[in-house]
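Let us walk through this structure together, looking at how its side chains meet. Have the model open as you read.

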Amino acid sequence: ARGPELHRPVCPHVLCGINAEYMGADWSMKLWATRPIHGHPSDTCLFNLMSAELSDAVNDCVWAPHNSTSFAAAMDDGRVELWDLSERPLDPIVVHYPRNQVHQRRRTCVRFSINNSPVLIAGDDQGSVDVMRMYNTNFSYYSDQEQQDRLNAVMIKKR
């Protein structure tokens, strides 16, 4: 069976110039600059983020549509991770493990609600879909410029 492949979801806040990349081979997620950002040359790795458990591949990764510093990841062992780089730049803010599983389910995709609801949707290799309500997450409404400023602030703090 072929493992997860390299994917590059683009931040929906296009002005940000940041791409996410997840690698099945090394269980990591990387953030890349697609253009120079405050002292970072383009095409350089800004963050190398490792999943909470370094034993399973990252199958999917998606940016939050309304928060430029947040993204979610779907893992091979069935868990879903929610990251917010402005809150915790090195660790996920939430890790959700499916409960009461008879057989392990591989999470194959994860998506945010696009209608401003604090909802995360995750699918698995058996065709099941879970809808999860996100509590205590930053779900403010920012302008495009504020989104760009927030992500740039995280990048500057990282240096």
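Before going on, a word on the model: it is predicted, so local features need pLDDT of at least 70 and side-chain atom pairs count only at pLDDT 80 or more, while totals for chains, interfaces and linings use all residues. Residues are numbered from 1 along each chain as its sequence is written, and side-chain values use heavy atoms, with hydrogens and water left out.

Searching the whole structure gives two aromatic pairs. Rings of Phe, Tyr and Trp (its six-membered ring) pair if their centres lie within 6.5 Å; planes under 30 degrees apart count as stacked, over 60 as edge-to-face and the rest as tilted. Tryptophan 63 and phenylalanine 71 are edge-to-face, because their planes stand at 65°, with the ring centres 5.8 Å apart. Phenylalanine 71 also pairs with tryptophan 83, and here the planes are at 10° and the centres 5.7 Å apart, so this pair is stacked. Strands are DSSP runs (E, at least two residues), numbered from the N terminus.

Together, Trp63, Phe71 and Trp83 form one aromatic cluster. Are its members buried or exposed? Tryptophan 63 is buried at a relative accessible area of 4%, phenylalanine 71 is buried at 1%, and tryptophan 83 is buried at 0%. Buried means under 20% relative accessible area, exposed over 50%, and partly exposed in between (1.4 Å probe, protein chains only).

Charged side chains come next. The whole structure holds eight salt bridges, each a side-chain nitrogen of Lys or Arg within 4 Å of a carboxyl oxygen of Asp or Glu. One of them joins aspartate 60 and arginine 111 (2.5 Å, N to O). Because aspartate 60 lies in strand β4 (residues 58–63) and arginine 111 in strand β8 (residues 107–112), this pair ties together parts that are 51 residues apart in sequence. Aspartate 60 is buried, at 6%, whereas arginine 111 is partly exposed, at 41%.

Methods
Helices (H or I, at least four residues) and strands (E, at least two) are DSSP runs, numbered from the N terminus.
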